[in-house]
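Dear colleague,

I am passing a structure on to you with this email, and my notes on it follow below. Please read them with the structure open beside you.

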Amino acid sequence: MERSNHTVTEFILVGFTTDPMLQLVLFAVFLGVYSLTLVGNTTLIMLICNDSRLHTPMYFFIGNLSFLDLWYSSVYTPKILVTCISEDKSISFAGCVAQFFFSAGLAYSECYLLAAMAFDRYVAIAKPLLYAQAMSGRLCSCLVMYSYTGGFVNAAILTSNTFTLDFCGDNVIDDFFCDVPPLVKLACDAKESYQAVLYFLLASNVITPTVLILSSYLFIVAAVLRIRSTRGRLKAFSTCSSHLTSVTLYYGSILYIYSRPSSSYSLERDKMVSTFYTVLFPMLNPMIYSLRNKDVKEALKKTLQVHII
């Protein structure tokens, strides 16, 4: 990839604050959040792999979601921790490109994966007797593979278009990681063609999965309304509650950041929203999918009993 501006060899990440005491507080907070993220997602993946009761399509997708969240958080948080306690706030041009590419690839992959999970919930509720046959291991593997492939192909398009912009010699990023809004603010030639690329990627990676998710839930609602008993309806909706929560939080924050024209970017406000979906969301997902999940809680209880004994 050629660079338009060869004078920019590194970027400076401003982070959240320049106050040394507040930086230490933030270091402790992010370290705690990252530790919970690692423990929560790793535990969920291990439970799904080791407990035969969790060898179902739904948990296969949840395991992959935890895998994505594990790496998604790891793309950002270690650098945030270093920035909080180090006087050196720089990140190399190559490091910024790598962080940007992997973060975009993982984020886009998660968008597709959440759409696949919505389809899985539709099949489970609308065709329960054919669920195991319809959601075969091959189909589930293909959906996950397509999610990863689509995510990283589109990330390559976004990365190549972003880092061929001319950054006009200024290299101070008013954020805690390399992202579209602060990089566009630095660029002096972010033309309409680049904005068109952003809208294309938004449509293909966020809007399209959102439409698929909404369509799946419309069919789910129609299927649930055909269930005669109130108890049956509540049980059907309860199987979707975790996924709905996850979709609302993730897509809500992403659409807020990336669906606006570059002229309306507000870095301070965007920084706080970005913190949610890059750092906090990967920590929350294992809780969302396990706290109200009887199967996961029983698998965890069984695992703890085995290790205690």
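The crossing of H2 and H5 is right-handed, a crossing being called right-handed if the near helix is turned clockwise from the far one by less than a right angle, and left-handed if it is turned anticlockwise. Before going further, please note that this is a predicted model, in which local features need pLDDT of at least 70 and side-chain atom pairs count only at pLDDT 80 or more, while totals for chains, interfaces and linings use all residues. Residues are numbered from 1 along each chain as its sequence is written, and side-chain values use heavy atoms, with hydrogens and water left out.

Helix H5 covers residues 137-162, and its axis comes within 10 Å of the axis of H2, the two crossing at roughly 25°. That angle makes H2 roughly parallel to H5, since angles under 35 degrees count as roughly parallel, over 145 as roughly antiparallel, 65 to 115 as roughly perpendicular and the rest as oblique. The axes are lines fitted to C-alpha atoms, for helices over the stretch in contact, and the angles run from 0 to 180 degrees between N-to-C directions. The helices themselves (H or I, at least four residues), like strands (E, at least two), are DSSP runs numbered from the N terminus.

A second pair is formed by helix H3 (residues 93-126) and helix H7 (residues 192-225), whose axes come within 9 Å and cross at roughly 15°. H3 is therefore roughly parallel to H7, and H3 passes H7 in a left-handed crossing.

**Salt bridges**

A salt bridge is taken here as a side-chain nitrogen of Lys or Arg within 4 Å of a carboxyl oxygen of Asp or Glu, and by this rule the count comes to three. In one of them, the side chains of Arg53 and Asp51 meet with a distance of 3.0 Å from N to O. Asp51 is buried at 6% relative accessibility, whereas Arg53 is partly exposed at 40%; buried means under 20% relative accessible area, exposed over 50%, and partly exposed in between (1.4 Å probe, protein chains only).

Arg53 also meets Glu298 in a salt bridge, at 3.3 Å from N to O. Glu298 lies in helix H10 (residues 294-308) and Arg53 in the loop between helix H1 (20-50) and H2, so the pair ties together parts that are 245 residues apart in sequence. Glu298, at 31% relative accessibility, counts as partly exposed.

Asp120 forms a salt bridge with Arg121, where the closest N and O atoms are 3.0 Å apart. Asp120 is buried at 1% relative accessible area, and Arg121 is buried at 8%. Through shared partners, salt bridges join Asp51, Arg53 and Glu298 into one network.

**Contacts across the sequence, and a surface patch**

Tyr289, found in helix H9 (residues 267-290), is buried with a relative accessible area of 5%. The C-alpha atom of Tyr289 is separated by 9.1 Å from that of Leu44, although the two residues are 245 apart along the chain. Ala132, by contrast, is exposed at 63% relative accessible area and is found in helix H4 (residues 131-134).

Which residues form a nonpolar patch on the surface? They are Met21, Leu24 and Ile85, which together have about 330 Å² of accessible area. Of these, Ile85 lies in helix H2 (residues 57-85) and is exposed, with a relative accessible area of 53%. Patches are made of residues with over 30% relative accessible area and no salt bridge, like charges being joined within 9 Å and nonpolar side chains (Val, Leu, Ile, Met, Phe, Trp, Tyr) within 5 Å. Accessible areas come from the Shrake-Rupley method with a 1.4 Å probe, and for residues only the protein chains shown count as cover.
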